[in-house]
Amino acid sequence: MAGVTLRSLCRTFTDSQTGNTVDAVKNLDLEIRDGEFLVLVGPSGCGKTTTLRMVAGLEEATAGEILIGDRRVNDVPPRERNIAMVFQNYALYPHMSVYDNMAFGVRLHRLKGLAWQLSHAQEAREIKADIDRRIQDVAEQLGLKPLLDRKPSQLSGGQRQRVALGRAVVREPQVFLMDEPLSNLDAKLRVQTRAELIKLHRRLGVTTIYVTHDQVEAMTMGQRIVVMKDGLLQQCDTPLKLYHEPVNMFVAGFLGTPSMNFIGATVKRDGDGLKLDCGTFSVQWPTARGAGLQNHIDRKVILGIRPENIHDSQFVPSGVDMINGVRLNVDVIEPMGSTSTLFLTTNPVAQTEATMEVAPNTLVAVVEAATQAKERAPLDVIFDVDKAHIFDPETEQKIA
Ligand SMILES: Nc1ncnc2c1ncn2[C@@H]1O[C@H](COP(=O)(O)OP(=O)(O)OP(=O)(O)O)[C@@H](O)[C@H]1O
Ligand SMILES: [Mg+2]
């Protein structure tokens, strides 16, 4: 097994007709540890697939280096990189059985043509027996044993996905590359296959780079997550570190559902401390975290607060400072069962439908399901500002 190192990796595409260029991946520096499960996540077009394809050798790097273990592989052809790739469209051979689908690639790799097999009959037999052992073993692990004789057309989507996975596992690669492998599955099967993949990784311990644009998948599967945007790495860290300590507004807004609320505010002095004037209301900023804001007094900033850190004042968890109470208007309530999602406005409730629609000052709160909140009525909420973030409106970087 081996880790993967990317050094200042770039990929630029040039449109052959217009001559326009797209920088799909920009200066990517990344060290994926041996045995790690790393998730690349980001919106469509941010460069995830291109990155993976460069590691696989299916796409040439415009600049930079790719190392698998200690070996620089930029000029090594894909089949010699000892990696296995699982794609969204898993492309099984329709005329082959599950068994043969799993055997095909590894046979091609290890048995060197018919002439060689004839002249090395004994060796070829041993290799075939070894491949068979591996297939039986992997089929057992992935619950494919009863399906080995079937054709892909006789399988469900989830079963086909497992065959594609099995085919990759049988090759015993140094590195797995997976590009949205679960996106063809329905919601329930996704959750199930997600858990299977995590267990499989635990068992095999093979370095895995997993691409998704689903942040839930990223949070639940990744030992570390890389968030990308426009070809640039935004932040790389453990799921909880990214969630609680995002470096910029993009990362803060990308992870978490519903997304973080962003509120325009002006930093003001408030006695010895600081407060954030949000227009129709203001909140005190914790003194202990004031240092980062001293240079921003009387300047505009953005307050970022997650929906679960805006509490119904009747249900405030212990330990939350009650100091920042705000009266807002409840626009819509979405009961989720275990919690309720509230859409709150800072304006008076009496508005026309038209102005409601464009109201920019809607905040989302996730509160206790037992909330007594009523639509189109005021509600007192507590902002847990201790868990909030302050961003620079121009650079969008976190400042406090
Ligand atoms: N062969 C190509 N020629 C020109 N541009 C390309 C090519 N392949 C990718 N791109 C561009 O590079 C950028 C990154 O594409 P990439 O496929 O890596 O995105 P992605 O993050 O995988 O997105 P998605 O989530 O939609 O799969 C996009 O702007 C895309 O249009
Ligand atoms: Mg892609």
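Let's start with the residues around ligand 1, sorted by class: four are nonpolar, seven are polar and one is charged. Before I name them, please keep in mind that everything I show today comes from a predicted model.

So, which residues are around ligand 1? Here they are: Phe13, Val22, Ala24, Gly42, Ser44, Gly45, Cys46, Gly47, Lys48, Thr49, Thr50 and His213. If you look for the elements that contribute two or more residues to this shell, you find strand β2, residues 21–32, and helix α1, residues 48–56. Helix α1 gives the largest share, with three residues.

Now let's step back and look at the whole chain. The protein chain has 10 helices and 20 strands. It is divided into domain 1, which covers 4–254, and domain 2, which covers 261–391. The C-alpha trace spans about 90 × 45 × 45 Å along its principal axes. Of the 400 residues, 34% count as buried. And here is a number about how the chain meets itself: among contacts with a separation of 6 or more, 68% are between residues 24 or more positions apart.

On to the inside. The largest nonpolar core holds 97 residues, and the ones with the most contacts inside it are Leu177, Ile209 and Ala365. Helix α5, residues 157–170, supplies the largest share of this core, namely six residues. Both domains take part, since the core draws at least three residues from domain 1 and at least three from domain 2.

Let's zoom in on Leu177. What does Leu177 touch, leaving out residues up to four places away in sequence? The list is Leu52, Val55, Ala56, Ile83, Met85 and Ile209.

Two of those names, Ile83 and Met85, take us to strand β6, residues 83–86, where they sit on one side, with Ala84 and Val86 on the other. All four are buried, and both faces of the strand are covered. As a rule, side chains in a regular strand alternate between the two faces of the sheet. Strand β6 pairs with strand β7, residues 175–179, in the parallel sense, over four bridges. Within that pairing, Ala84 stands opposite Phe176.

For a contrast in direction, turn to strands β12, residues 273–277, and β13, residues 282–285: they run antiparallel and are joined by four bridges. Leu276 in this pair stands opposite Val283. The two strands form a hairpin with four residues between them, and Gly279 in the turn has a positive phi of about 90°.

That brings me to some backbone details. Most residues other than glycine have a negative phi, and most peptide bonds are trans. With that in mind, look at Ser8, which is not a glycine but has a positive phi of about 45°. Ser8 lies in strand β1, residues 4–14. Is Ser8 buried or exposed? Ser8 counts as exposed, because it has 12 C-beta neighbours inside 10 Å. Glu172 is another non-glycine with a positive phi of about 45°. You will find Glu172 in the loop between α5 and β7. Glu172 has 14 other C-beta atoms within 10 Å, so it is partly exposed.

There is also a cis peptide bond, from Thr257 to Pro258, with omega near -10°. Pro258 is in the loop between α9, residues 249–254, and β11, residues 261–270.

I'll finish with two loop residues. Gln223 sits between α7, residues 215–221, and β9, residues 224–229. It is partly exposed because it has 16 other C-beta atoms within 10 Å. Gln223 and Glu36 are 187 residues apart along the chain, yet their C-alpha atoms are separated by 6.9 Å. Setting aside residues up to four places away in sequence, Gln223 touches Glu36, Phe37 and Leu38.

The other one is Thr371, in the loop between β18, residues 362–368, and β19, residues 378–383. Thr371 has 19 C-beta neighbours inside 10 Å, so it counts as partly exposed; the cut-off for buried is 20 or more. Leaving out residues up to four places away in sequence, Thr371 touches Asp312, Phe315 and Ser340. Its C-alpha atom and that of Gln235, 136 residues apart along the chain, are separated by 36 Å.

Key. Residues are numbered from 1 along each chain as its sequence is written. Chains are lettered from A and ligands numbered from 1 in the order in which they are written. This is a predicted model: local features need pLDDT of at least 70, side-chain atom pairs count only at pLDDT 80 or more; totals for chains, interfaces and linings use all residues. A nonpolar core is a set of buried Ala, Val, Leu, Ile, Met, Phe, Trp, Tyr and Cys residues joined through C-beta atoms within 7 Å. Domain bounds come from an automatic or database domain assignment. Two residues are in contact if their C-beta atoms, placed from the backbone, lie within 7 Å. A residue is near a molecule or strand if its C-beta atom, placed from the backbone, lies within 6 Å of it. Ala, Val, Leu, Ile, Met, Phe, Trp, Tyr, Cys and Pro count as nonpolar, Asp, Glu, Lys and Arg as charged, and the others, Gly among them, as polar. Two strands pair if DSSP finds at least two bridges between them.
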